[in-house]
Amino acid sequence: MAKGYWVSSYRTISDPEKLAAYNELAGRAVRAGGGRVLARDGQVVAHDAGIAGRTILIEFDSFEQAVAARESEAYQEALVVLGDAVERDFRITEGLD
């Protein structure tokens with residue numbers, strides 16, 4: 001079964017306090033959904049139209065598990081707290097195997 005991944009690239013962060021509150025709630029939701037953070041806040045080299053900002057990579061055991069975690073009540077609560085504090089590109093992608 002192919003793994004699933006959340007990939008988030010932040011363009012702007014306008015409210016760091018809201019982001020911090022979101023991080024607490026989202027972290028719990030990710031762990032409850034079976035997610036593992038593989039990369040967060042490290043160095044980024046962007047190419048083409050990319051932005052070298054905050055980037056997060058989270059792995060799940062399956063694509064379906066990744067989608068379910070995003071749709072979970074716990075993660076939806078985290079999104080409410082986040083509100084308009086950031087502009088980001090958030091994707092769920094399926095792994096190769």
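Predicted model: local features only at pLDDT ≥ 70, side-chain atom pairs only at ≥ 80, totals over all residues.

Trainee: What describes a pair of aromatic rings, and how many aromatic pairs does a search of the whole structure find?

Mentor: A pair of aromatic rings is described by the distance between the centres and the angle between the planes. In this structure the search finds five aromatic pairs. For Trp-6 and Phe-90 the ring centres are 5.2 Å apart and the planes stand at 65 degrees, so this pair is edge-to-face, given that an angle over 60 degrees counts as edge-to-face.

Trainee: Which parts of the chain does the pair of Trp-6 and Phe-90 tie together?

Mentor: Trp-6 belongs to strand 1 (residues 4-13) and Phe-90 to strand 4 (residues 86-94), so the pair ties together parts that lie 84 residues apart in sequence. Ring pairs also link Trp-6, Tyr-22, Phe-60, Tyr-75 and Phe-90 into a cluster.

Trainee: Where do charged side chains lie over the face of a ring?

Mentor: Arg-54 lies over the face of Tyr-10, at 5.0 Å from the ring centre, and Arg-70 lies over the face of Phe-90, at 5.2 Å from the ring centre. Arg-70 is part of helix 2 (residues 63-71), and at 25% relative accessibility Arg-70 counts as partly exposed. The C-alpha atom of Arg-70 is separated by 9.5 Å from that of Ala-26, although these residues are 44 residues apart along the chain.

Trainee: How much space lies in the largest pocket, and which residues are the closest to its centre?

Mentor: The general idea is that rolling a probe the size of a water molecule over the atoms shows where empty space is left. Here the largest pocket holds about 320 Å³ of space, and of the 21 residues that line this pocket, the closest to its centre are Asn-23, Ala-26, Gly-27, Arg-40 and Ile-58. Helix 1 (16-32) is among the elements that each supply at least two residues of this lining, together with strand 1, strand 2 (36-40), strand 3 (55-60) and strand 4. Helix 1 gives the most, with eight residues, and by class the lining has 12 nonpolar, three polar and six charged residues.

Trainee: Which residues line the second largest pocket, and which element gives the most to its lining?

Mentor: The second largest pocket, with a volume of about 160 Å³, is lined by Val-7, Ser-9, Arg-11, Ala-49, Gly-50, Ile-51, Asp-89 and Arg-91. Strand 1 and strand 4 are the elements that give two or more residues to this lining, and strand 1 gives the most, with three residues. Divided by class, the residues of this lining are three nonpolar, two polar and three charged.

Trainee: In what sense do strand 1 and strand 3 pair, and which residue stands opposite Val-7?

Mentor: In a regular strand the side chains alternate between the two faces of the sheet. Strand 1 and strand 3 pair in the antiparallel sense over six bridges, with Val-7 opposite Leu-57 in strand 3. Strand 2 and strand 3 pair in the antiparallel sense over four bridges, and the bridge partner of Val-37 in strand 3 is Ile-58.

Definitions and conventions
Residues numbered from 1 in each chain as written. Heavy atoms only, no water. Phe/Tyr/Trp six-rings, centres within 6.5 Å; stacked < 30°, edge-to-face > 60°. Lys NZ or Arg CZ within 6 Å of the ring centre and 35° of its normal. 1 Å grid on protein atoms, 1.4 Å probe; cavity = no way out; pocket = protein on both sides within 12 Å on 5 of 7 lines; lining within 4 Å. Points joined across faces, edges and corners; volume = space filled by probe spheres on them. Nonpolar A, V, L, I, M, F, W, Y, C, P; charged D, E, K, R; others polar. Pairing = 2+ DSSP bridges. Buried < 20%, exposed > 50% of the residue type's maximum accessible area, 1.4 Å probe, protein only.
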